[in-house]
Amino acid sequence: MAKSTKKETTSIEPGETNLFSRFSPSRQHKIAFGVLLVLLAVALAVSFISYFVNGKFDQSELNDFTNRNSHVQNWLGKFGAFLSDFFIYKGFGVASFLFVRLLFITGAYLVLDMAVSKLKKTWFWDIFVIIILSILFGFFGDFLPELGGVIGYEMNLFSQDYIGKSGTLLALIFGIVIYLIFKIKISPDKIKGFFENAKGEINSDLVPENNGSTAYNLEEFAVKDNDDIKDSLITSPNKKDFESDEEDLGEITLKPISQFEINKEALKPTISTASELILEPTRKEIISQGEVEKPHENEFVIEKVEEEDIVEENLAARLVSDFGEFDPTLDLSNYKFPTIDLLKEYASGGITINQAELEENKNNIVETLRNYKIEIAQIKATVGPSVTLYEIVPEAGIRISKIKSLEDDIALSLSALGIRIIAPIPGKGTIGIEVPNKNPSMVSMKSVIGSAKFQEAEMELPIALGKTISNETFVVDLAKMPHLLMAGATGQGKSVGLNAVLTSLLYKKHPAEVKFVLVDPKKVELTLFNKIERHYLAKLPDVEDAIITDNSKVITTLNSLCVEMDNRYSLLKDAMVRNIKEYNEKFRLRKLNPEAGHRFLPYIVLVVDEFADLIMTAGKEVETPIARLAQLARAIGIHLIIATQRPSVNVITGMIKANFPARIAFRVTSKIDSRTILDSGGADQLIGRGDMLYTNGNDLVRVQCAFVDTPEVDKITEFIGSQKAYATAYLLPEFVGEESGINLEVDISDRDSLFRDAAEVIVTAQQGSASLIQRKLKLGYNRAGRLIDQLEAAGIVGPFEGSKARSVNIPDLVALEHFLNNEKNNQ
C-alpha cells in the first residue's frame, strides 16, 4: 500500500533550512498528545497485568488511598492499583485490555501524522467488542468477577431479567456474528475456501519432500484393465508415440517420484485454490540401475492469477496536501474524495474455474488440430473474467499460418462465438487461442478502483479500464497516451467505458487538478455529471449548461480550447519549461509570479461522445481544431477522448488516427471496421458486453471493461456535488468567430470607463486578447469582450485572426498617450 504523509506548508526565507519546516505549532501539539496517549496505553497495560498478580491484596488498601504509609503491590503504585480496579473490577473486566490497543493506536497515528479520521471505525468496533465480551464473561461473575467486571455482570443480569439466560446468550452470539461479518468480513465463501485450502495442504503433505528417500504415489498404482489404459491413450494428442508399447500395457511398473516428478493428475487438487494443474497422459517408465527414461511430455496447465489486494480506503484522500509550498487545493481544502463504498459489489469478485469446460475445450482444440495433422506439445490455459486463453506449443516443423487459418474450424468445434487466434503471442513463443467462457464473471468498478494497483499508481491521470485475461487490473495513464479513441458498435460498452474513465479520475484527482469538457450529443449519457459542474467541469463564459449537447456550440468550444492551448504555450515559454508538469512544479515552488499572468494549470480532459454525429453536422470545422489539439495539446495538459459507434474512414480519418495512438475497440461487425480502428483484425471476434481490445501503438491487450452503472455514477456525483465548490465552473477563454470580427464605429463618449486602462494593458503586453483584459482588470467576459471591440474600433488592436491573439498597432505607452490625445483633439 502506498505510503503518504500529510505536509503543512510554511513560509521559509531564502537560505533558511527547511529541516523543521513541517513542525508547526499544531503539529507539535499532535506529537505531544500522541506520545502522552502511547505512554498512557503502556501504563494501563502494566497496571492491568499487575492487577491479575496482586489485585486482591491491593483492593484492601484502596480505601486508604491518601495515606502515604499504606502499601500496594501494583507495579504502577497506587495510581496503577486505582486504574486497574476501576477498569477491570468495576468496569469491563479483561475486555478492558482493548482500551490499551485503542490508546496506543490513536497515539501512534498522531505521532506519525496519519489521518486520525480513519480510526472512527476502529473505536466503534473495539468498544462494541468490549461490551459484548464483558456481558458474555458476566455469566462467570459469581466466582470470577474479574472476567466481566461489575458493568458486564450487571448488564448480564439486567438482560436476563427480560429475555432470560438463553435469550441473553443468543443475543451475544448475534453480536459476535455481526462483528465477524462487518468487521472481520467473514463470508461463507471464505469459510469454504479455508477448508478447501486445508484439504489441499493435507493432500500435498501425503507426498514427502525429496530428501533422498523414494516415495510412491499410491493412486498411480491403481490396477487398470488394458482397455481402460488404451482408452486413456486414445484421448492423448500423442497417441502415435504409444502405439509401439500396446503389447506391454498389462505391466505396471512402480514409478519413483520426488517433489519435481509428482504426477499431478493423481493428486487432483481443488482448482479454485491451486495456482496450476498439470495433466499428463499415463505411460510406463522403465527403471534401470536408478536411471529414469523420460518420455516426451504432453501436458495441460491451468493457471489462475492470485486475487489482487483490495484497498478499503481511497488513498487519494491522503495525498491531497502532498505538494510544495503552494497548494492549489487550498480553495477547497475540506474537499473529500468519494469513498469506495459508493460503488456496488456485483459479485464475489473471484473467477470460477469450470474444470469440465476447460478439459472439453482442450480436447476439442487438440482433436481439431490433429485432424489437420497438427500435433501439440503443450497446452496452458489462463482463465480470465470472460475469456480463457489457451496457449499451445506446436510440434517442431508446424507452420504458424496453418494454425491461424483454422480459426473458423476451431470455433465450430467449440460451438463458441468470438474465437480469436494470436499467432504468435509476442514475447512468449506460443500461439494463443482465446475462447469465451460459458459463464463470464462481471468486473465491477469497485474491484478495480479498490485494487492496490490503481490506488498506488504513480501516474498523472490514472485510468482503471478493467481486468485482463489474467485477472489483473489494467491501469493506464491518460497523460502518456496522450489522447484516446474509443469505437465500437451500438450497445457494446462505449458509454460504460467513458463512465469508467471519468470515475477513475474522480477517485484520484482533486478538483483543482483536472477539469472536464463534456460533449454529449445524445443528451442522456453524461448529464449526471451536471452535479459536479462547479467542481470539475469547464465551459465557455456565456454558456448556461456546462455539458454541451448542441453541436453548433461544439465548434466554439473546440476553438476556445485552441485559444487556451495557445495561451498556455505562452505561459510555458515565459516560464522556460517544456510541459505542464514542469510548469506546475515551478509554480508550486513560487518561482513564477502570478502578477505576470502565471497561474496553476489544471489538466483539461475533452470527452466527445458520438463523434460521428459531429462530423456529419460540422465536418471540417470540427476536424480541424480536433486535429490541432491532438497534435499540440499534449505538452500543456489538454487530452482528448473521442468515442464513436461508426468507425468508418470518413469519421476516423487518417489525420485523426495519426494523432490518436491509444485506441480502444469494442465489438464491431466486420473485419474492415476492426482494421479501421486498430489497423488490425480482432475486434470483430469480441463477445460484447464490455469486451474490448486496447492498443497504444504496440501490442493488443484484451480487457474486460469494468462495469459502472448509472446509480453508482449518481451516488458519486451527488457525494461530490453536495460539498463546497468553486464560485463557477472553470471558464475557458473567449472565441470570437470571423463573422464577429467587424470593425464597428464606437463613439468616444460611449466608451467603457476602463478603456484607457485596458489599452495600457494591451500595449504593455503587446498581446491583444480579451482573456488578458479579464485577468489584469479582473473583469467578466462580456465587459472584456466589449472593451476588445472598442479597442479594435479605435485601431489600437487588429482584427480577429482565429485562435491567434490580435495584433497590437501601438508600440509603447508613449505612443498610446500620443494616439489618445490626437483622437481626443480630432473628436
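**Loops and cysteines in this model**

Trainee: Is aspartate 679 buried, partly exposed or exposed?

Mentor: Good place to start! This is a predicted model, where local features need pLDDT of at least 70, side-chain atom pairs count only at pLDDT 80 or more, and totals for chains, interfaces and linings use all residues. Residues are numbered from 1 along each chain as its sequence is written, while side-chain values use heavy atoms, without hydrogens or water. Buried means under 20% relative accessible area, exposed over 50%, and partly exposed in between (1.4 Å probe, protein chains only), so aspartate 679 at 48% is partly exposed.

Trainee: Which loop holds aspartate 679?

Mentor: Helices (H or I, at least four residues) and strands (E, at least two) are DSSP runs, numbered from the N terminus. Aspartate 679 sits in the loop between helix H21 (671-678) and strand S19 (691-696).

Trainee: What is the phi of arginine 689?

Mentor: Arginine 689 lies in the loop between H21 and S19, and is exposed because its relative accessibility is 73%. Most residues other than glycine have a negative phi. Arginine 689 is not a glycine, yet its phi is positive, at about 55°.

Trainee: What is omega for the peptide bond from methionine 481 to proline 482?

Mentor: Proline 482 is in the loop between strand S12 (473-477) and strand S13 (484-487). The bond from methionine 481 to proline 482 is cis, with omega near -5°.

Trainee: How many disulfides does the structure hold?

Mentor: Cysteine 562 is buried, because its relative accessibility is 2%, and cysteine 705 is buried at 7%. A disulfide is a pair of cysteine sulfur atoms within 2.5 Å. The number of disulfides in the structure is 0.
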